[in-house]
Amino acid sequence: MRTAAVYGIEACTVSVEVDVSFGLPGITMVGLPDASVRESRDRIRSAIRNSGFEFPEHRVTVNLAPADIRKAGSSFDLPIAIGVLAASGVVARRNVDDVLLLGELSLDGGIHSARGVLPIAAAARRERFSGLLLPRPNHAEASVVQGLELFGVQSLDEAVSALNDPAGFRLHAVKQTPPPPSPPRTDGDFADVHGQALARRALEIAAAGGHNTLMVGPPGSGKTMMARRVAGILPALVFDEALEVTSIHSVAGLLGAGHGLMSQRPFRAPHHTISDVALVGGGQNPRPGEISLAHHGVLFLDEMAEFNRRVLEVLRQPLEEGCVRIARALRTVSFPARFMLVGAMNPCPCGFHGDESRPCRCTPQQIARYGSRLSGPLRDRMDLTVAVAALPARELASAEGSESSASIRARVEAARARQIERDEALNARLQGRRLRNRTRLAPDARRLFDRALTQLALTARGHDRVLRVARTIADLEGAEGILADHLAEALQFRGD
């Protein structure tokens, strides 16, 4: 029998060898199985008997090869059970190495859905397997991979029938309907946001270039409301991006039954009490964290200053490299984490520093200490920082709604298309020589930038940050070069 194990978001095939010999009845598993695989022995025995088959009253030895890779998860149940039945003569087709099997068994012989089916299907196609026998709820997910015959089954008895008589099973199999399209976003529309023109402009620039953004303002100023609408102005996922995002959510077990390829960009907003492992991923059997679940989407950290400092600091390396590597004694796994970070925080502990309508009661030392909860290196990775002022109630009642998300998204899509055509990457990822080549300044812009470098004492990272944002502003206007107006607007978001 052949099955697969998932490490990170990649799958590798595993051979399941079953030997039935004379000896004391029992099942022995070798090949570095973990506790979740070893405890499947009782499930397999009960599932075989409750499906109407005889479990051999002999010594059963199961080998999972290669033996130097740890096997974890419950999706090994079905291939082991089929191996036992093949060794007993129930499965007439003894050699089924051209079909990959996976699925978790229940005690009555039913088959539950499994995690990581999409990367397993991709591995089966890559290694030229002819078919994949899998739980029926995972059929839509696996159908994303073309050129692979899928046998969706609901019970051990169906699995045996599919292997013994594939043609007959195809004839009587339930036809799978195409997966439903992703539902529209329910995060709201920017048309609902009143006022806050500067913050809306900053978020449009951030979405157009994939820039990390920090909003600072008092409670009730609309920071959370606007941040939750950012994903709605991002373009839809292209196929390669959707494949990566769907694979990550498949490994995490977050794809619902019957769902295929994801088309909406993810939006993740973890609570400030989250641990560093839950944020970046990990565990004994590494699973993706929130930053990987936000891959090609938005990670929103509300009340950012309230997060544990250690949790925030682990973001620095993924923000630079676009992935997170989790090292274990036997293996190192890598999860992609190319996300757009949007943070929101109050300016002080009470939240009202700089608010004209409500007095701030914090001392200068408390304000400075609160702001320092975000370290300098982390702030340096925020391309845009915008102050969000509270809108007075009388102005809020009389203000008209702003531009709709659809209108903003059209400009964002056009700007991103220019970047992809020019560099095959968003402006937020430009570095080194490529950044210098793409951010040549007009003469008046060069004079302005030289004065800014002297008067504002920009760091090297701050220098590059301003250029990247200015390049995105120029792309939003369809300009080839960076003009003084583009650079001046980028400088107001520098946050130094």
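Helix H8 (residues 197–209) lies across strand E10 (213–216), strand E17 (340–345) and strand E18, running at about 165° to E18. Contact here means heavy atoms within 4.5 Å, and angles run from 0 to 180 degrees between N-to-C directions of lines fitted to C-alpha atoms, for helices over the stretch in contact. Helices (H or I, at least four residues) and strands (E, at least two) are DSSP runs, numbered from the N terminus.

This is a predicted model, in which local features need pLDDT of at least 70 and side-chain atom pairs count only at pLDDT 80 or more, while totals for chains, interfaces and linings use all residues. Residues are numbered from 1 along each chain as its sequence is written, and side-chain values use heavy atoms, leaving out hydrogens and water.

The open sheet has five strands with parallel pairing, in the order E11-E14-E17-E10-E18. Its edge strands, E11 (267–268) and E18 (384–387), each pair on one side only. Pairing requires at least two DSSP bridges; two bridges join E11 to E14 (residues 298–301), and Arg268 has Leu299 as its bridge partner in E14.

Leu315 touches Leu279, Ile291, Leu299, Leu301 and Phe339, not counting residues up to four places away in sequence.

A search of the whole structure finds zero disulfides, defined as pairs of cysteine sulfur atoms within 2.5 Å.

| Cysteine | Closest cysteine sulfur | Distance |
|---|---|---|
| Cys323 | Cys12 | 20 Å |
| Cys350 | Cys348 | 3.5 Å |

Both distances are too far for a bond.
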